[in-house]
Amino acid sequence: MTKDKQVEAVERIVPRHQFEARFKIEMERAGEAVGTEGWARDLSESGLGAFVATELLPGERVVLRIPLPDGVELVIPARVTRNLGTQYGFQFTALSLTQRQQILRVLARSKVIPYVPTLV
C-alpha cells in the first residue's frame, strides 16, 4: 500500500443489513413540497442506503416513507449523508421507540452486509 493510501480504521457504528424496497422521499425546495422515489438496498438502525434517480444534496433534510415487509410504513425524518452518482446514504434524524423496534425486527430477519474498509 502506498503512502497516500491508507485503510480507514473506523468501523460502522451499527451494521448494515440487506433490505430491498421501493420507498418515497419527500422534501421542500424553494418553499414547495417535492417528492420522488428511491430503491432501498440496505437498512440499519441509524439509516438507509438507496439508489435515487433525482439529485439530492448532501445535508438536505428529507422525510422517508419506507414500507416494511409486515405492511407497516415508517415515516422517518432523515438527512442525506453521502452520494456517489445515484447511490445515496440517509441518516435517520428522529426515530420513535416504536419505529426503532420495528426496524430491529426487520433487521433480525435480514442478512448482515460485511463491512469492507475503504481506502482513503
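**Stop one: the barrel**

Start with the strands: six of them form a closed barrel in the order β1-β2-β3-β6-β5-β4, with antiparallel pairing (strands are DSSP E runs of at least two residues, numbered from the N terminus; two strands pair if DSSP finds at least two bridges between them). From one strand to the next, the twist averages 45° (axes are lines fitted to C-alpha atoms, and angles run from 0 to 180 degrees between N-to-C directions). This is a predicted model, where local features need pLDDT of at least 70 and side-chain atom pairs count only at pLDDT 80 or more, while totals for chains, interfaces and linings use all residues. Numbering starts from 1 along each chain as its sequence is written, and side-chain values use heavy atoms, with hydrogens and water left out.

Now select β4, residues 61–67: this strand pairs with β5 in the antiparallel sense over seven bridges. Click Val63 and you'll find Pro77 of β5 opposite.

**Stop two: the pockets**

Which residues lie nearest the centre of the largest pocket? Pick Arg16, Ser44, Ser46, Thr81 and Phe90, out of 15 lining residues. A pocket here is an open set of points on a 1 Å grid over the protein atoms alone, where a 1.4 Å probe fits, with protein on both sides within 12 Å along at least five of seven lines; lining residues have an atom within 4 Å of a point.

Next, select Arg16, Arg41, Asp42, Gln87 and Ile113, which lie nearest the centre of the second largest pocket. That pocket is lined by 14 residues.

Methods. Helix = DSSP H or I, 4+ residues; strand = E, 2+ residues; numbered from the N terminus.
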